[in-house]
Amino acid sequence: MEDFSKWFHNILDEAKIIDSRYPIKGMNVWLANGFKIRKYMLEALRELLDKDHDETLFPLLVPEEELAKEGIHVKGFEEEVYWVTHGGKKKLNEKLAIRPTSETAIYPMFSLWVRSHIDLPIKLYQVVNTFRYETKHTRPLIRVREITTFKEAHTIHATKEEAAKQVEDGIDIYKTIFNKLSIPFLILKRPVWDKFPGANYTMAFDTLFPDGKTLQIGTAHNLGSTFAKTFEIKFENENGEHEYPYQTCYGLSDRVIAAIIAIHGDEKGLVLPPIVAPKQVTIIPIIFKKGSEEVISKAKEIEKNLKNNGFRVNIDDRDLRPGKKFYESELNGTPLRIEIGPRDLENNQFIITRRDNSEKSSFSLDENISSIVERLLNDITTSLKEKGEENLKKRIVGVKSMDIIEKTVLDGNIAQINWCGEESCGKAIEEETNLDILGEYGKYSGDCIHCKKPAKYTALISKTY
Ligand SMILES: Nc1ncnc2c1ncn2[C@@H]1O[C@H](COS(=O)(=O)NC(=O)[C@@H](N)CS)[C@@H](O)[C@H]1O
Ligand SMILES: [Mg+2]
Ligand SMILES: [Zn+2]
């Protein structure tokens, strides 16, 4: 809890996820191991999105006049935008923004593409790097200035109802991907003062880190027709009238990788859900002088069988003590480790150890090893998810009076409080506790914890990144 930050930075280094020594603050290098985890996470995400979105790619740079068009939006980002002002030695006649997010790159093109209702809906996404000159404390993967893994989906619809449905679809996609990644989450409607600049409302996914702080790991926004009006996006409906369409966008980032590392990791290192593990099984042959050829050939046979069944498997046959190999496979979060030595051959067995709960079991070499591995990997995914959800649920603590909110949060919990729902009261609560209201969370009667007026619902409040 207390030195979570030290643990987190160490593990990024020792498990070769990123190198944060790049000479620009908030910008880091993806190392091979981390890059694979990111690759497999994006593979799973694309598989979901590609069902009914088109992947596209828009330019990195946005003309200043486009960025400035939507007043509230630009207000929300003006402190964070990086600017390009020169081409070589020549001063550009118009400043170019480096996208902090891509509404202002994409929507001028929507205005060219959308003419009639038959052009709708459009559902596209891109996976790009975006840049935000974050002034709050930057942290690798958690709060970066180059957001390297920014998946942003943007959709446009003929009716308000369709747009509202799309926000729900975006939420379902995020539920599915976070469940696949065994990341526990809460879904909350952000208070009006904390929604995405230019949005009608923002639905956010929060998860809880071991240090008791919550991290917003994804958001889905209903943009209404605000941007359509600003960017002159209009369509001719069936009766030949011109209407403004309705839009949504939903995004996630490098924070998803941060959550996988932070929530499941332990003192030995990473604990990876199989879906993103660079190696899902590592075979460690226990070799002595005599009998080593049989052990190696059996290991090769097992490796071949697992590879043919689509598992990411390797044999660690380096000339190192087994203990060192165990240590490394645990540090890297490899879900399953197979040990096989001369005595196991005599007993016609092999040993499998799970990384998530260190459970060791032996199996006969005559059994179907691929179905054993398949079952164990599924068990790991499920148990990581359940353990995470259980811990998160346990950490939501009902609080009845203002003066114990802070203590509750300092103990690593999220406080659930009665709230009247008034903005002024909500902001006063945030002010007094120096915490953030995450949003509405469930129905409740009783009085508001702060102003004693009748509560409209309960809200969650926490320390946030
Ligand atoms: N500095 C940052 N570092 C890492 N992740 C970030 C950072 N800023 C935002 N994010 C993540 O990016 C997600 C989407 O960002 S956002 O501002 O909420 N929404 C958008 O930009 C919309 N255009 C949807 S794509 C956030 O939910 C958060 O998880
Ligand atoms: Mg921000
Ligand atoms: Zn109140």
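UniProt positions are given here in the numbering of this structure, feature names are shortened, and annotations may be inferred rather than shown by experiment. With that in mind, an unreviewed UniProt entry places the feature "domain: Aminoacyl-transfer RNA synthetases class-II family profile" at residues 34–273. The model is predicted, so local features need pLDDT of at least 70 and side-chain atom pairs count only at pLDDT 80 or more, while totals for chains, interfaces and linings use all residues. Residues are numbered from 1 along each chain as its sequence is written, chains are lettered from A and ligands numbered from 1 in the order in which they are written, and side-chain values use heavy atoms, with hydrogens and water left out.

Across residues 34–273 the chain is 31% helix and 32% strand, where helices (H or I, at least four residues) and strands (E, at least two) are DSSP runs numbered from the N terminus. The end C-alpha atoms of this stretch are 14 Å apart.

In one, a nitrogen atom is 2.7 Å from an N or O atom in the side chain of Thr101; in another, a nitrogen atom lies 2.7 Å from a polar side-chain atom of Glu134. Gln216 has a side-chain N or O atom 2.8 Å from an oxygen atom of ligand 1. The protein covers 96% of the 590 Å² of accessible area that the ligand has on its own, by the Shrake-Rupley method with a 1.4 Å probe.

The second largest pocket has a volume of about 490 Å³. A pocket is an open set of points on a 1 Å grid over the protein atoms alone, with protein on both sides within 12 Å along at least five of seven lines, and lining residues have an atom within 4 Å of a point. Grid points are joined across faces, edges and corners, and a volume is the space filled by probe spheres set on the points. Of the 24 lining residues, Asn33, Lys279, Asn314, Glu328 and Asn332 are the closest to the centre. Helix H10 (322–331) provides the largest share of the lining, 4 residues.

The structure also holds 1 cavity of 30 Å³ or more, a cavity being a set of points where a 1.4 Å probe fits but cannot get out. About 60 Å³ of space lies in the largest cavity, whose lining includes Trp30, Leu141 and Asp254. Leu141 lies in the loop between E7 and E8 and has a positive phi of about 70° although it is not a glycine. Another backbone feature is the cis peptide bond from Leu120 to Pro121, with omega near 0°; Pro121 is in the loop between helix H5 (103–113) and strand E7 (122–131).

Conventions:
Polar contact = N/O pair within 3.5 Å; in protein donor to acceptor, adjacent residues only side chain to side chain.
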